[in-house]
Amino acid sequence: MSSLSLAVRDSSTMLRRNLLHARRYPSLTLNLLLTPVMLLLLFVYVFGDVMSAGIGGGGADRSAYIAYLVPGLLLMTIGSTTIGTAVSVSNDMTEGIIARFRTMAIHRGSVLVGHVVGSVLQSVASVVLVGAVGVAIGFRSTDATALEWLAAFGLLVLFATALTWIAVGMGMVSPNAEAASNNAIPLIFLPLISSAFVPVDAMPGWFQPIAEYQPFTPAIETLRGLLLGTEIGHNGWLAVAWCLALSVLGYRWSKAVFNRDPK
């Protein structure tokens, strides 16, 4: 078999292993999925009227705020799901299975690729579930074309890939699962200080650069523009640039740690 065929075969095996683990132990994924769902319900039904009145500058319009909120929560779902990836990778590193894989005649990169592809698939499934909750409570995207829906899906997959590679690196350098979970907290904290819940312009002046110059805000604004027809502007290429940069950084980081001789 060629080197590429071996890599694909071994990566597929590792993918099946990770998906099997996720099916057997779904509690972590479900717990992480609850966070964006609970925030969606909280901000719609508890704060929805107040937030919509403050953003729109007029009367309360909960349906308008649902439309504003859902794109940010979809990307927050990805960040939340990848925390489970960091924990899973850390478990593999600390329980000795990675050391065992290093002695086997398998493609070295297949272990990491299996984690990444499995996490991206879980992220997409989680996004679909949160999106279904959004639709159930009133979210609609009637003006988006088929091409815009395809672009939105591509952005979600690209963003999930970028955050997953970062999460893999975090998991590999963590001494245990608890540390991995703590190290990955920024992946769910950054959406809270982005434009997911309120526009950047509505934030205090000193805080606006923090919210604007981070990966979630341009991705959220791009997804919002694709689904709702709002202006995307420079956010589109910024979102893609962030995704590519984080993917390369996470990949090189994870590969360097994986190839390091065990102590």
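## Burial and the model

A residue counts as buried when its relative accessible area is under 20%, as exposed when over 50%, and as partly exposed in between, with a 1.4 Å probe and protein chains only. By that definition alanine 67, at 18%, is buried.

This is a predicted model, in which local features need pLDDT of at least 70 and side-chain atom pairs count only at pLDDT 80 or more, while totals for chains, interfaces and linings use all residues. Residues are numbered from 1 along each chain as its sequence is written, and side-chain values use heavy atoms, with hydrogens and water left out.

## Overall fold

The protein chain has 12 helices and 0 strands; both are DSSP runs numbered from the N terminus, helices being H or I of at least four residues and strands E of at least two. The radius of gyration is 19 Å, close to the 18 Å that the globule rule gives for 263 residues, so the chain is as compact as a globular protein of that length. That radius is taken over C-alpha atoms, and the rule is 2.2 Å times the number of residues to the power 0.38.

The C-alpha trace spans about 65 × 35 × 35 Å along its principal axes. Of the 263 residues, 47% count as buried.

## Helix 4

Helix 4 covers residues 62–94, 33 residues in total. From first to last C-alpha it reaches 47 Å, close to the expected 48 Å, where the expected span is 1.5 Å times one less than the number of residues. At leucine 69 the helix bends by about 30°, and proline 71 follows within four residues. The bend is the angle between axes fitted to the seven residues ending at a residue and the seven starting there.

Because 26 of its 33 residues are buried, helix 4 is largely enclosed by the rest of the structure. Alanine 67 belongs to this helix. Just after the helix, glycine 96 takes a positive phi of about 95°.

## The cavity

A search of the whole structure finds 1 cavity of 30 Å³ or more. A cavity is a set of points, on a 1 Å grid over the protein atoms alone, where a 1.4 Å probe fits but cannot get out; lining residues have an atom within 4 Å of a point. The largest cavity has a volume of about 30 Å³, volume being the space filled by probe spheres set on the points, which are joined across faces, edges and corners.

Its lining consists of Val89, Asp92, Ile98, Val111, Leu112, His115, Met172 and Phe258. Helix 4 and helix 6 (109–136) are the elements that give two or more residues to it, and helix 6 gives the most, with 3. By class the lining has 6 nonpolar, 1 polar and 1 charged residues. Here Ala, Val, Leu, Ile, Met, Phe, Trp, Tyr, Cys and Pro count as nonpolar, Asp, Glu, Lys and Arg as charged, and the others, Gly among them, as polar.

Helix 11 (residues 216–228) has 13 residues, which should span 18 Å at 1.5 Å a residue; the end C-alpha atoms are 17 Å apart, which agrees. The helix is mostly covered, with 12 of its 13 residues buried. Among the buried ones are Phe216, Glu221 and Arg224.

Tyrosine 251 lies in helix 12 (residues 235–259). With a relative accessible area of 39%, tyrosine 251 is partly exposed. Its C-alpha is separated by 26 Å from that of glutamate 221, 30 residues apart along the chain.

Key. On a 1 Å grid over the protein atoms alone, a cavity is a set of points where a 1.4 Å probe fits but cannot get out, and a pocket is an open set with protein on both sides within 12 Å along at least five of seven lines; lining residues have an atom within 4 Å of a point.
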